[in-house]
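Please open the model in your viewer and keep the selection tool at hand. The stops below run from the whole chain to single residues.

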Amino acid sequence: MHPITLRMSLLGPSASGRPRADPSCNTAGQRSESRGEAGNWEMRSPCFPQDSDMGCLQPQLLLTLLIAMLQCSEGAPSWHVSLPSSLKALKNSCVVLPCSFRAPPEARSPYTITWYLYRSVGYPEVFRSTAQASAQSDAQARWKLLGDPAQGECSLRLSPVLPSDADAYYVWINSEGGSHGFYDNTLKLTVEETPEPLQLHVPRELKEGVPATLTCSVQHTCPSDPPTLTWSGLGEAANVSHQPLRDGLWQLVSRLQLVPSASDNSRPVECMVLYPSGQQNWDRTNLRVKYLPRAAQVSIQGSGPLTEGGSVTLHCTCQSHPPARGFRWTQGPTRTSIPGAGDLDTVTLTGLLRDTGPYYCAGINELGVGEESAPLNLDLQYKPLLLPLGNCSAQPDGGLMCHCGARGNPDPSLEWLLPGVAHPVPGDYNDSAMSAVSSVWDGAVLGELWMLASPPGNVTCRALNLHGQSELQLPLLPLPPSGSERQLLMALGASGVGVLLVLVLMIVVCRWIRSRKHGAQSPLGLSLQRENQVGEKLSRSPSSVGIGNLIHMYHTQRGPGPPLSQKLAGEKFEFPGPDADYENFEVFVGGSQPNYLTEQIYSNM
């Protein structure tokens, strides 16, 4: 019985994915020395010598042995690589195949990074980090290693991407302490003819005056030379950011800050992406901006003239998003509500009067009441109304001048009705005996009639239009004074003014003289001083001549007054009636103490 020799090696997978047969297992029981292709891994079944009855081990026994080997080596550092399983690249753009690895402790830098195409036989080399640039083919020159292998980086950049680059790739890492081929970690590259679609995000509903953000983004695989994003339809500047996603994908985002207005509603907005290769793509949408109703307008439904006392139907329109759900109707300078108008877009007015209005409307939506419309003034037609200042005046030469005015819609025409004349005189007329003229001024028709001789009665003014007529009998004013009469009246007026001025002057002088008289000292040395506006105070001034006081008081002549002793003793005074006559008298009061009168009345002049 010969000892069993267990030999294992790695074989690369076949094209069908099944393990390939071990060509070193021969009848002699010896393992053939084969260098193996670069990147191949071989798993050869253990074989027995030629004289053994067991031959090569069965696959079931091989699997059991493999599991036992894995359990024994669990927890030991090993080779590991990380790269995506698939990636899409744009034709004529660039792509980065992201790759990172971890090596066991025995593997030491420097590392040689080699990329291969995954094949069942041959494994064509795509890139080798140690190859000289002059020795690379044109195809290999499009590949470039990114990063530092000593830091575990093995990413590869391809530019430009060609349709023939669509394939499966894997990486092989060699070092001084060992090497490893990652056959089970392949990356499948797909080459697209058209760019990735844009992602244009606009809020479903914008609101007038409220800032909003519009976003446009695109994914790509070329961070060193990314595409550009541009907006059209809006003039605001955008903020662009560039960030990695996963598995070799990058995202370019353009954000646009917008403060929408009512005019932006339904505005088309487009975002376009342009790649360095010249390829482009775009997406567009229309803005939806909510705003208060605006541009309201009132119009008259129907045709034909409007008459005072009649009716009219008004219609209101406005711009609004969302559409107006109701309307508000007002009238007059104070914007009072129209009775019975409701909130519909139409309103019917009856019993029209020319002094009402103007009329306004405003739309209402979920945001509130919008802008008010411009005022609508109704052009109501009505029969003429005569102005109240019409008259006739006689002229010094014996003639007559008449004036008359009227308002109406349409403008009325004037006629003059003369006593004893069968037919009226038109507003514009001229002959040797009379003339008439009329004109429109400030919305009124004014007329003037001149006659050579005054008629025997009053003149009547008549105004008429298609809605009716009105008449007014004009009053006759007296003949104005002649020139000499006017001069006489002026002279009389001037004389009256002069007499009035003289009287006023005399009154002023008399008051002044009287005030001077009562303010002087008396011959006995007494002075009168005013105490206040109600009464006056008598004060005695020292005098070496007499010892009495002189008091001027009123005395009636129609009856004897009370004795002086009673007055001095504090008796009450009896004031005479309004028809009494007064004169001054003198009273001597003995004693050295001053005496006061709380009330003193002077006689009238």
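Residues are numbered from 1 along each chain as its sequence is written, and side-chain values use heavy atoms, with hydrogens and water left out.

Next, colour by pLDDT, the predictor's confidence in each residue, from 0 to 100. The chain averages 77, and 70% of the residues score at least 70. Strand E28 (residues 359-365) has the highest confidence, at a mean of 97, whereas strand E43 (residues 553-556) has the lowest, at 34. Select residues 1-57, where pLDDT stays under 50 and the model has 91 contacts beyond four places in sequence, a contact meaning heavy atoms within 4.5 Å. Residues 70-75 also stay under 50, but with zero such contacts. Where pLDDT is low, the predicted coordinates should not be read in detail.

Now select strands E34, E33, E38 and E39, which form an open sheet in that order with antiparallel pairing; two strands pair if DSSP finds at least two bridges between them. Strand E34 (425-426) and strand E39 (468-473) stand at the edges with a single partner strand each, so one side of each has no neighbour in the sheet. Between E38 (residues 460-465) and E39 there are six bridges in the antiparallel sense, and alanine 463 can be found opposite serine 470 in E39.

Move on to residues 488-513, which an unreviewed UniProt entry lists as "transmembrane region"; such annotations may be inferred rather than shown by experiment. In the model this stretch is 100% helix and 0% strand, with its end C-alpha atoms 38 Å apart.

Finally, centre on proline 227, in the loop between strand E16 (212-220) and strand E17 (228-232). Is proline 227 buried or exposed? Proline 227 is buried, with a relative accessible area of 5%, where buried means under 20%, exposed over 50% and partly exposed in between, using a 1.4 Å probe and protein chains only. Leaving aside neighbours within four places in sequence, proline 227 is in contact with residues including Val218, His220, Leu252 and Tyr275. Show serine 277 as well: proline 227 and serine 277 are 50 residues apart in sequence, and their C-alpha atoms are 9.1 Å apart in space.

Terms used
This is a predicted model: local features need pLDDT of at least 70, side-chain atom pairs count only at pLDDT 80 or more; totals for chains, interfaces and linings use all residues. Helices (H or I, at least four residues) and strands (E, at least two) are DSSP runs, numbered from the N terminus.
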